[in-house]
Amino acid sequence: MARYYFLLLFLLVAATVSKADAEKKLSTDFYCSSCPNLLPTVKKGIIKAINNEARIGASILRLHFHDCFVNGCDASILLEDTKNFIGEQTAAANNKSARGFNVINDIKANVEKECPRVVSCADILALAARDSVVYLGGPSWEVGLGRRDSTTASRSAANNSIPPPFFSLSALKQNFANQGLSVTDLVALSGAHTIGLAKCTNFRAHIYNDSNVDPSYRKFLQSKCPRIGNDNVLEPLDHQTPTHFDNLYFKNLLSKKALLHSDQELFKGGSTDNLVKKYASDAAAFFEDFAKGMVKMSSIKPLTGSMGQIRMYCGKVN
């Protein structure tokens, strides 16, 4: 009899664990029946936004990255500050630099017209990031869906979790490892900097203090970003094709023409040099590993099942 009860208890626990695991899994066809027009609606919104401003594609990708690295991909970065609430938008890595909130809000409004209170902001952001990369010439990947939205956010967690532009290679490795991402993921996902811009405040130290910068590139950047002033001047992360997703970012690393200190750290005689060389010579390999890395990153600690909520407006809880 004791063995019977033990077996019954084991089966109940196993069933509970199995159910919990099932709830955590994301599925590419999650909204197949409940919101069949979701994917074309998001894609249409992204194409419209990028055609209006080519830079916004990089901003949406960055928004997704900064969301996932802070307590998982739960759309917490989209929550706006109120008198009684301080979220992630004013964290050091996001304050006056995170962009694209209006694009996600507009897409969410259109999705709500199609299927009210069904699709999470977190899923919309994940799809929007993928569609941005594809429209700018990059690879595609299957986006798992079924995330739910958080009801809170943490500025302190954002300050501690999002890697800053002054990080060393060892710090970058640890930062990505903390999210369950490998060194290959680190190098491949850093390739997102083949699109987008960065402020003078983020690359000033690199061009004045670091030795591994191409002299002509350093001189050019110093003319745009003096030691004092011009803090908000923007320069392309990939100075050749900043609105086209390609592998020139890695070729620039080989030439010591990275805009950020953290980027050049990937190629300075260390353990990641071979990956940088590989991606610089083989765009297809970069695209493949970037897509795999995005699938992994987009799956960091999602809220699923009955956790969180489906926000009606992405900027505030229901």
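Analyst: A disulfide is here a pair of cysteine sulfur atoms within 2.5 Å. By this rule the count comes to 4 disulfides. The model is predicted, so local features need pLDDT of at least 70 and side-chain atom pairs count only at pLDDT 80 or more, while totals for chains, interfaces and linings use all residues. Residues are numbered from 1 along each chain as its sequence is written, and side-chain values use heavy atoms, with hydrogens and water left out.

Taking the bonded cysteines of the protein chain in sequence order, the pairing reads 1-4, 2-3, 5-8, 6-7. Cys32 is in no disulfide; the nearest cysteine sulfur belongs to Cys35 and is 11 Å away. Cys32 has a relative accessible area of 52% and is therefore exposed. The terms for burial are as follows: buried means under 20% relative accessible area, exposed over 50%, and partly exposed in between, with a 1.4 Å probe and protein chains only.

Cys35 itself is joined to Cys115, with an S to S distance of 1.8 Å. The torsion about this S-S bond is about -40 degrees, so the disulfide of Cys35 and Cys115 is left-handed. The pair links distant parts of the chain, 80 residues apart: Cys35 sits in the loop between helix H1 (2–24) and helix H2 (38–52), and Cys115 in the loop between helix H4 (101–114) and helix H5 (121–135). Helices (H or I, at least four residues) and strands (E, at least two) are DSSP runs numbered from the N terminus.

The sulfur atoms of Cys121 and Cys314 are 2.1 Å apart and form a disulfide. With -100 degrees about the S-S bond, the link of Cys121 and Cys314 is left-handed. Cys121 lies in helix H5 and Cys314 in the segment after helix H14 (283–297), so this pair ties together parts that are 193 residues apart in sequence. Cys121 is buried, at 0% relative accessibility, and Cys314 is buried with a relative accessible area of 0%.

Cys200 and Cys225 form a disulfide with sulfur atoms 1.8 Å apart. The link of Cys200 and Cys225 is right-handed, with 65 degrees about the S-S bond. Cys200 is in helix H9 (residues 200–209) and Cys225 in the loop between helix H10 (215–224) and strand E2 (234–236), which puts the two ends 25 residues apart. Cys200 and Cys225 are both buried.

As for the setting, the protein chain has 14 helices and 2 strands. Buried residues make up 50% of its 318 residues. With contact meaning heavy atoms within 4.5 Å, residues 24 or more positions apart account for 75% of the contacts in the protein chain with a separation of 6 or more.

The radius of gyration, taken over C-alpha atoms, is compared with a globule rule of 2.2 Å times the number of residues to the power 0.38. For 318 residues a compact globule would have a value near 20 Å, and the 21 Å of the protein chain agrees. Along the principal axes, the C-alpha atoms fill a box of roughly 80 × 50 × 40 Å.
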